[in-house]
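Trainee: Could you take me through the salt bridges in one part of this model? I would like a close look, with the wider setting first.

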Amino acid sequence: MGETHEDASQLQRENCELERRIQERSQQQEPLLCPSYQSYFRTIEELQQKILCAKSENSKLMVQVDNAKLAADDFRTKYQSELSLRQLVESDINSLRRILDELTLCKSDLEAQVESLKEELLSLKRNHEEEVNTLRCQLGDRLNIEVDAAPSVDLNRVLNEVRSTYEAVVETNRREVEEWYTTQTEELNKQVVSSSEQLQSYQAEIIELRRTVNALEIELQAQHNLRNSLENTLNESEARYSSQLSQVQCLIGSVESQLAEIRADLERQNQEYQVLLDVRARLECEINTYRGLLDSEDCKLPCNPCATTNATGSSCGPCGSCQKRC
């Protein structure tokens with residue numbers, strides 16, 4: 001019976017020790033989990049906010065790059081249209097130059113024709129004077145002969161009429177030639193003036209187009225530089241954010257590994273706790289069985305064994321165990 005009491009007390013002490021260990025383990029676990037999880041959640045939220053900010057900045061940079069590309073395309077189309085206009089104007093100027101060269105050739109031909117006509121006119125005048133002189137000489141001789149023979153017609157009057165008629169014809173021809181020359185000269189001068197005015201206007205337009213082309217080239221170069229700077233900034237931002245993203249991913253991986261370790265520790269502790277609960281349940285069952293056995297043994301024992309011995313006539317005194325129970 002003493003051994004039974006000692007076993008029961010030993011089991012009670014072990015049960016108390018197990019309950020104390022379970023309470024200590026649960027008290028050690030609760031304050032450690034909550035702060036660590038909260039810190040991880042805060043880190044994850046901060047990283048998510050950084051990732052969202054990086055994505056928004058990347059989208060803004062992409063929009064700026066698209067706008068720069070559209071502006072560059074607009075400037076390229078404008079430059080091509082201005083270049084086509086410039087080529088058209090240059091072709092017109094070249095055609096006008098050819099026309100001007102033809103006009104100068106025509107002018108030189110007309111001047112040569114006028115000079116030749118002047119020379120012909122001078123030669124005609126000289127021939128006329130020579131013919132008049134020869135006629136005068138011939139008519140003078142005939143007049144002397146006829147006068148000597150028989151005076152009949154006034155040859156001076158006839159010569160004067162012929163001279164006046166011939167001079168009138170020559171004068172009309174000269175006036176017609178001079179009028180034709182003046183009209184041709186005026187037309188040529190007008191054409192030259194109009195051509196020079198058109199040439200000056202075309203030259204002014206070419207100068208203005210060259211200024212516009214230079215301005216557009218400068219602006220295009222500035223846009224190219226801006227696009228290159230934006231592309232460099234975008235590449236730098238992508239590299240920086242990719243490195244940050246890799247760091248964040250590494251941090252997330254480490255946090256996930258830590259969480260996995262924590263989950264594994266929790267599962268292991270839960271298993272240990274379950275094992276301890278099972279042990280406790282078994283111990284409680286054994287304790288209950290031992291208590292039941294002890295109660296049954298106590299019920300089987302007599303309440304006053306000394307009295308039975310006295311009734312049978314034995315003279316022995318009460319034993320120590322009976323005294324202890326009484």
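Mentor: Start with the whole chain. This is a predicted model. Its protein chain has 4 helices and 0 strands. The order from the N terminus is α-α-α-α. Of its 326 residues, 14% are buried. The accessible surface is about 24100 Å², and carbon and sulfur atoms hold 54% of that. Among contacts with a separation of 6 or more, 88% join residues 24 or more positions apart.

Now the salt bridges. The count is 8. Take helix H2, residues 155-300.

Glu171 has a relative accessible area of 28%, so Glu171 is partly exposed. Arg175 is partly exposed too, at 39%.

Next, Glu231 and Arg227. Their side chains meet at 3.9 Å, N to O; the cut-off for a salt bridge is 4 Å. These two are also 4 residues apart in helix H2, about one helical turn. Glu231 is partly exposed at 31% relative accessibility, and Arg227 is partly exposed at 23%.

Then Glu284 and Arg280. The N to O distance in this salt bridge is 3.2 Å. Again the spacing in helix H2 is 4 residues, about one turn. Glu284 is partly exposed at 32%; Arg280 is partly exposed at 27%.

Terms used
Residues numbered from 1 in each chain as written. Predicted model: local features only at pLDDT ≥ 70, side-chain atom pairs only at ≥ 80, totals over all residues. Heavy atoms only, no water. Buried < 20%, exposed > 50% of the residue type's maximum accessible area, 1.4 Å probe, protein only. Contact = heavy atoms within 4.5 Å. Areas by Shrake-Rupley, 256 points an atom, 1.4 Å probe, with all protein chains shown as cover.
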